[in-house]
Amino acid sequence: MNSGLYEKDFAEYESNEERLDALKKEYAVIMECLDALAESKELSYYYKKIIVEMSANVVENLAAKYDRVREGVKSVMGGKVLNYEAKTIYQEGVDKGMREGKREGEQIGREQKLRDQIQRKLAKRQSVDQIADALEESPDRIRNLICKLSLPD
């Protein structure tokens, strides 16, 4: 990208259609890069949306006196921030919650299975050391779980 978005150049962008088009093309390339990063999951859609919105806010404030610059950049940056990204961001959150919930549920299930095994072994009058050896757990962990067995859920 040859030219940069500098406040000193706004007047020229405002009056020179060719320069404004070049600026819009730069922003289009930035959007394409952000889209590619989001598609490849190197950047979440949430962070992409934040980058786009923050960039739009910067341009909005810096180019407050230059309607064509502001609208030209907004047409490239703002035009892409549509409802589909909100749905994608929502789905990313749902997916993350499902993964975390699954991990938590699996952990709870493993601990419950271990508690059930301990209860059965205690009913057979096995010692903490025997239970720990049979379940390949430390005696301290077995004692801890035995204490939890006597607590109401």
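Which residues in α3 meet which residues in α4? V52, S55, V59 and E60 in α3 meet R70, V73, K74 and M77 in α4, where contact means heavy atoms within 4.5 Å.

## Basis

This is a predicted model: local features need pLDDT of at least 70, side-chain atom pairs count only at pLDDT 80 or more, and totals for chains, interfaces and linings use all residues. Residues are numbered from 1 along each chain as its sequence is written, and side-chain values use heavy atoms, without hydrogens and water.

Helices are DSSP runs (H or I, at least four residues), numbered from the N terminus. Axes are lines fitted to C-alpha atoms over the stretch in contact, with angles from 0 to 180 degrees between N-to-C directions.

## The α3 and α4 pair

Helix α3 covers residues 45–62 and helix α4 residues 67–77. Their axes come within 10 Å and cross at roughly 175°. The two are therefore roughly antiparallel (over 145 degrees).

Their contact has four nonpolar, one polar and three charged residues. Nonpolar means Ala, Val, Leu, Ile, Met, Phe, Trp, Tyr, Cys and Pro; charged means Asp, Glu, Lys and Arg; the others, Gly among them, are polar.

## The α6 and α7 pair

Helix α6 (residues 128–135) and helix α7 (residues 139–149) have axes that come within 9 Å and cross at roughly 110°. They are therefore roughly perpendicular (65 to 115 degrees). V128, D129, I131, A132 and L135 of α6 contact P139, I142, R143 and I146 of α7. Seven of these residues are nonpolar, none polar and two charged.

## Burial in α6

I131, A132 and L135 of α6 are buried (under 20% relative accessible area, 1.4 Å probe, protein chains only). They span an arc of only 100° around the axis, so they lie on the same side of α6. The arc is taken from the directions from helix axis to C-beta atoms. E136 follows α6, with a positive phi near 55°.

Notes: Angles under 35 degrees count as roughly parallel, over 145 as roughly antiparallel, 65 to 115 as roughly perpendicular and the rest as oblique. Buried means under 20% relative accessible area, exposed over 50%, partly exposed in between (1.4 Å probe, protein chains only).
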